[in-house]
Amino acid sequence: MIIRHITYILPEKIQENEELAKEFASGWDSKKIFRKTGIRSRHVATTEKTSDLAVEAAKKLFAESGFPKENVDFILLCTQSPDHFLPTTACIVQDRLGIPTTCGALDFNLGCSGFVTGLALAKGLISGNLAKNVLLLTVETYTKHIHPQDRSVRTIFGDGAAATLITHQDGEPCKIGEFVFGTDGSGANNLIVPAGGMALPRSEETAIEITDEQGNTRSLNNLFMDGPAIFNFTLDTVPGTVRSLLEKAGMEIDDIDLYIFHQATKFMLDSLREKIGIPEEKFYFNMEEKGNTVSATIPIALREALDEGKIKKGDKLMLVGFGVGYSWTACIIEW
Amino acid sequence: MNPAEKTLLVEKALDTEPGTLKPDTRLNDLEEWDSLGVVSLIAMLDKHFSVRLHPDKIRALATVKDILDQMIEKD
């Protein structure tokens, strides 16, 4: 069982810091945005919906890899901005791609931990002899949830879609290794779009805009993120997760050739890297021109690291996703 | 670490010019006292003093002195 191919697409529209700075009511110039976030630009979906981005990423994967789409027997689609409540976006994607109707398909609702959890689901399906060729799509358009005058999140998030093919051929060793999972719903309200689901349907009331003490404006229909609470959560859980996973795999920190964490913010990544004690050259960072694309950050980073020659066959990689939920998943793979 | 050195750490975390913060400076008067500034502060306290500021403690901070009071060096 291996990750056979990874690719990604980004929406066409690019939003640079200069453009954002002009739109914000007060304060931040483009240099300040970069200094605070480590991000210069991010891609933003306009009319593209999740199924559009998913289909585009999948088509690119089939074109690059030469893998016949007819051989895909399961589609996993991770998103928190589905086309509809129902039907399942993965079903729409199956139809648009022309993947055989004998496949299974489902959406799963996770954010930053979505890719690594998706690998776990794929491993489970394959290990259980339920599928052989899993197409994992991690597609996110958080920018559609964000209020234009909310600097706290608008500077950070970008949109993107990654397509990953996990396959197994008889006799092939399993290169997707150990996993560690974590869930803590007590952090639910710290990264949330409060209205629009069944708990609080959208209404005139939920659309009322409120400006907070820091000058950020949003309504209950928009994304809210408590940065300090999320930061505390990551400092609390990620170092221990890395240690648990290494212990489970019988490995030490230095045995890992490259660490690819969810690309949350530069500051968070620097803090985590330092706290855990990972050398800079073994810690991958690539947010500058993409921002935080939620469940797509890790596969995008993995693909970029491959393209840059940072990963060679046999390398041990640790992938760590953490965030909204709270939810966190980590795994070790051998390339 | 003396108070001047500690104040410098706070100034660095809050991205303010060295020498601008006084103990009685009100945090709400600082442009940099936003969620990103708070995150920088959490990181600084954790790294240098092994102190973790949780959200309810953050909300209780009013002045620079309140932050300096958290910066207790462990033996």
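# Notebook: a predicted two-chain model

**Entry 1. Ser50(B).** I began with Ser50(B), which sits in the loop between H2 and helix H3 (55–60) of chain B. Here helices (H or I, at least four residues) and strands (E, at least two) are DSSP runs, numbered from the N terminus. The model is predicted: local features need pLDDT of at least 70, side-chain atom pairs count only at pLDDT 80 or more, and totals for chains, interfaces and linings use all residues. Residues are numbered from 1 along each chain as its sequence is written, while chains are lettered from A and ligands numbered from 1 in the order in which they are written.

I looked up the backbone of Ser50(B) and found a positive phi of about 50 degrees, although the residue is not a glycine. Most residues other than glycine have a negative phi, and most peptide bonds are trans. Is Ser50(B) buried or exposed? Ser50(B) is exposed, because 10 other C-beta atoms lie within 10 Å. The rule I applied calls a residue buried if 20 or more other C-beta atoms lie within 10 Å of its own, exposed if 12 or fewer, and partly exposed in between, with C-beta atoms placed from the backbone.

**Entry 2. Val294(A).** I then turned to Val294(A), a residue other than glycine whose phi is positive, near 60 degrees. I located Val294(A) in the loop between H8 and helix H9 (297–307) of chain A. Val294(A) has 32 C-beta neighbours inside 10 Å and therefore counts as buried.

**Entry 3. Cis peptide bonds.** I noted a cis peptide bond between Leu86(A) and Pro87(A), with omega about 5 degrees. Pro87(A) lies in the loop between S4 and H4 of chain A. I noted another cis bond, joining Gly325(A) and Tyr326(A), with omega about -5 degrees. Tyr326(A) belongs to the loop between strand S14 (316–323) and strand S15 (327–334) of chain A.

**Entry 4. Helix H4 of chain A.** Which residues of helix H4 (residues 89–97) of chain A are buried? I listed Thr89(A), Ala90(A), Ile92(A), Val93(A) and Gln94(A). The buried residues of H4(A) pack against helix H3 (50–65) and strands S4 (74–78), S5 (104–108) and S6 (133–140) of chain A. Just after H4(A), I found Gly98(A) with a positive phi of about 75 degrees.

Entry 5. I counted 9 helices and 15 strands in chain A, and 4 helices and 0 strands in chain B. The elements of chain B run α-α-α-α from the N terminus on. Along its principal axes, the C-alpha trace of chain A spans about 60 × 45 × 35 Å; that of chain B spans about 35 × 25 × 20 Å. Buried residues make up 49% of the 335 residues in chain A and 29% of the 75 residues in chain B.

I also checked the radius of gyration, taken over C-alpha atoms, against the globule rule of 2.2 Å times the number of residues to the power 0.38. For chain A, a compact globule of 335 residues would have a value near 20 Å, and the 19 Å of the chain agrees. For chain B, with 75 residues, the rule gives a value near 11 Å, and the 11 Å of the chain agrees.

**Entry 6. Where the chains meet.** The contact takes 13 residues from chain A and 13 residues from chain B; two residues are in contact if their C-beta atoms, placed from the backbone, lie within 7 Å. On the side of chain A that touches chain B, H7 and helix H8 (266–276) each supply at least two residues. H7(A) gives the most to this side, with 6 residues.

I next examined helix H7 (residues 227–248) of chain A and helix H2 (residues 35–49) of chain B, which pack at an angle of about 30 degrees with their axes 8 Å apart. The axes are lines fitted to C-alpha atoms, for helices over the stretch in contact, and angles run from 0 to 180 degrees between N-to-C directions. H7(A) is therefore roughly parallel to H2(B), since angles under 35 degrees count as roughly parallel, over 145 as roughly antiparallel, 65 to 115 as roughly perpendicular and the rest as oblique. The residues of H7(A) that make the contact are Gly227(A), Pro228(A), Phe231(A), Asn232(A) and Leu235(A). From H2(B), I recorded Ser35(B), Leu36(B), Val38(B), Val39(B), Ile42(B) and Asp46(B).
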